Amino acid sequence: MSKTHFGYQSVDEAEKAGKVAEVFHSVASKYDVMNDLMSFGLHRLWKKVTIARAQVRPGQKVLDIAGGTGDLAAAFARAADWGHNTEAQVWLSDINASMLGVGRDRLLDKGLALPCVQFDAEKIPFPANHFDVVTVAFGLRNMTHKDVALAEMLRVIKPGGRVLVLEFSKPDAFLQPVYDTYSFKVLPWLGEKIAQDSESYRYLAESIRMHPDAQALKEIMLGVGFDEVDTHRMTGGIVALHIGIKY
């Protein structure tokens, strides 16, 4: 059986999805709090940049993959004029039922009864050329076959559509020592104090290190068939936004 990585561990491919699911079942209820602590609140700014770059217009169809607690989907619903424009569609999705449940509840609290669907991004249950915009924020690195998932995202966007991938990346060299200390010492400690779960946050730090850097991810996206990929590194390269375009 083929092997893949789960953080720094080597595991059978068939095991990875279950192990990732355990992590996100564990952290779902504290996910937003931990994101604020992990990023000093910067994740909100990074997501705002992603929302702006998505350029969602009234009546468009949008799919948010690994949508977590629903903050991107809520912004896209407003931009697409969902609920008023009959052409508009905004879907929240996640592979993890706990995360999807938290996101659905948050959206309902905002008066947004958006459709929510649970699926594996390597097998997106929508027809080809359906969406104008597909987004995935901080979810790609947890997928076993990133190229397969990206090819699926490419398949379901219309010609002229775009896929936006917001993900942690490799920071500039001068930031690396501080970043490593924070990731492997402070972050697990915060995980234990806030979520009573240091191991899940140790995995999150390790998964970032195992994820392709900005240039490598761009090459993967071009390799699966995107016609153009724009890369935007932010905060010293700690995160990168990739925008894949289909002609």
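# Exercises on a predicted model

Helix H6 (residues 146–156) lies across strand E3 (61–65), E6 and E7, and its direction makes about 145 degrees with E7. Keep in mind that this is a predicted model. Grab the structure and work through these.

**Exercise 1. Which helix lies across E6, E7, E8 and E9, and at about what angle does it run to E7?**

Step 1: Pick out strand E9 (239–245) along with E6, E7 and E8; the helix that lies across these strands is H3.
Step 2: Compare directions, and H3 comes out at about 170 degrees to E7.
Step 3: For H6, the angle to E7 was about 145 degrees.

**Exercise 2. Work out the strand order of the open sheet, and say why its edge strands have a side without a neighbour.**

Step 1: Walk across the 7 strands and you'll get E5-E4-E3-E6-E7-E9-E8, with mixed pairing.
Step 2: At the edges sit strand E5 (116–118) and strand E8 (228–234); each has a single partner strand, so one side of each has no neighbour in the sheet.
Step 3: Ignoring direction, neighbouring strands are turned against each other by 15 degrees on average.

**Exercise 3. How many bridges join E6 to E7, and do the strands run parallel or antiparallel?**

Step 1: Find E6 at residues 131–137 and E7 at residues 157–168.
Step 2: Count the bridges between E6 and E7: there are 6, and the two strands run parallel.

**Exercise 4. Describe how H3 packs against H4.**

Step 1: For H3 and helix H4 (residues 71–80), the angle is about 35 degrees and the axes are 11 Å apart.
Step 2: As for handedness, the crossing of H3 and H4 is right-handed.
Step 3: H3 brings Lys 47, Ile 51 and Ala 54 to the contact, while H4 brings Asp 71, Leu 72, Ala 75 and Phe 76.
Step 4: Sort the residues of this H3–H4 contact and you get 5 nonpolar, no polar and 2 charged.

**Exercise 5. What lines the second largest pocket?**

Step 1: The second largest pocket holds about 290 Å³ of space.
Step 2: Its lining has 15 residues, and nearest the centre are Met 38, Phe 40, Tyr 179, Tyr 182 and Ile 238.
Step 3: Helices H2 (31–39), H3 (42–54) and H7 (176–195) each give at least two lining residues, with the largest share, 5 residues, coming from H7.
Step 4: By type, the lining splits into 12 nonpolar, 3 polar and no charged residues.

Key: Residues numbered from 1 in each chain as written. Predicted model: local features only at pLDDT ≥ 70, side-chain atom pairs only at ≥ 80, totals over all residues. Heavy atoms only, no water. 1 Å grid on protein atoms, 1.4 Å probe; cavity = no way out; pocket = protein on both sides within 12 Å on 5 of 7 lines; lining within 4 Å. Points joined across faces, edges and corners; volume = space filled by probe spheres on them. Helix = DSSP H or I, 4+ residues; strand = E, 2+ residues; numbered from the N terminus. Nonpolar A, V, L, I, M, F, W, Y, C, P; charged D, E, K, R; others polar. Pairing = 2+ DSSP bridges. Axes fitted to C-alpha atoms, helices over the stretch in contact; angles between N-to-C directions. Contact = heavy atoms within 4.5 Å. Left-handed = near helix turned anticlockwise from the far one by under 90°.
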